[in-house]
Amino acid sequence: MSRQSPFAHPFLLGFDEIEQALDRVAKAAGDGYPPYNIERLPRTAEGPEKLRITLAVAGFTRDQLEVTLEESQLVIRGKQTDDKTRHYLHRGIAARQFQRSFLLADGMEVVGADLTNGLLSIDLVRPEPERVIRKIDIALKASKGRDSEA
């Protein structure tokens, strides 16, 4: 059974990338680790409105975390390794690996990342869109055959 695409309507031209992005987001939404928040930071006198993604990465050091921008995806990876020299009587905190991805809209910029008290915060800025109005000239072409018959 094939799935009907919401972007198959003839008036929606060139939206196939959005459909692919939605498919990627749906596949990545399954894992809940690490938990995260997304908040909107208001515009200040020094700068535009920002978005902040905060991930709870307790137990990870800065060297065990990697934040990359791959095309339009913000990818956060964490990698811990087991310390073989330790002997646990009870182990409730496992050494873990994770990868969390966020799909960014065109024009979004990552302006920084910060690790404080087990929380990794990544700040994003969306530049103000420029309103563009462009007039399209309509060319006048002479029709063949009609002018000669009159």
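Tutor: Let us begin with a criterion: a charge sits over a ring if NZ of Lys or CZ of Arg is within 6 Å of the ring centre and within 35 degrees of the ring normal. The model is a predicted one.

Student: Which residue lies over the face of Y33?

Tutor: That residue is R96, at 3.6 Å from the ring centre of Y33.

Student: And the ring pairs, how many aromatic pairs are there?

Tutor: Rings pair if their centres lie within 6.5 Å. By this rule there are three aromatic pairs. In one of them, Y33 and F98 have ring centres 5.9 Å apart and planes at 85 degrees; because planes over 60 degrees apart count as edge-to-face, this pair is edge-to-face.

Student: Where in the chain do Y33 and F98 lie?

Tutor: Y33 is in the loop between α1 (16-28) and β1 (36-41), whereas F98 belongs to strand β5 (residues 97-103).

Student: Are Y33 and F98 buried or exposed?

Tutor: Both Y33 and F98 are buried. Together with F60, Y33 and F98 form one aromatic cluster.

Student: What about Y36 and F102, how is that pair arranged?

Tutor: Y36 and F102 are also an edge-to-face pair, 5.1 Å from centre to centre with 85 degrees between the planes. Here too distant parts of the chain are linked: Y36 is in strand β1 and F102 in strand β5, 66 residues apart.

Student: Why does Y36 count as partly exposed, and why is F102 buried?

Tutor: Buried means under 20% relative accessible area, exposed over 50%, and partly exposed in between. Y36 has 36% relative accessibility, so Y36 counts as partly exposed. F102 has a relative accessible area of 10%, and therefore F102 is buried.

Student: Changing topic to the sheets, which strands form the three-stranded one?

Tutor: That open sheet has the order β3-β4-β5, with antiparallel pairing. β3 (65-70) and β5 are its edge strands, each pairing on one side only. Neighbouring strands of this sheet are turned by 15 degrees against each other on average, direction ignored.

Student: How many bridges join β3 to β4?

Tutor: Six bridges join β3 to strand β4 (residues 73-79), and the two run antiparallel. Across from E66 stands R77 in β4.

Student: And what is the order of the four-stranded sheet?

Tutor: The order is β1-β2-β7-β6, in an open sheet with antiparallel pairing. The edge strands are β1 and β6 (109-116), each of which pairs on one side only. From one strand to the next, the twist averages 20 degrees. Seven bridges join β6 to strand β7 (residues 119-125), and these strands run antiparallel. In β7, V125 is the bridge partner of E109.

Student: Finally, the largest nonpolar core: which residues have the most contacts inside it?

Tutor: They are L55, V57, L74, I76 and F98, in a core of 15 residues. At least two residues of this core come from each of β2 (50-56), β4, β5 and β7. The strand that gives the most to this core is β7, with three residues.

Terms used: Residues numbered from 1 in each chain as written. Predicted model: local features only at pLDDT ≥ 70, side-chain atom pairs only at ≥ 80, totals over all residues. Heavy atoms only, no water. Phe/Tyr/Trp six-rings, centres within 6.5 Å; stacked < 30°, edge-to-face > 60°. Buried < 20%, exposed > 50% of the residue type's maximum accessible area, 1.4 Å probe, protein only. Pairing = 2+ DSSP bridges. Axes fitted to C-alpha atoms, helices over the stretch in contact; angles between N-to-C directions. Core = buried A, V, L, I, M, F, W, Y, C linked by side-chain atoms within 4.5 Å.
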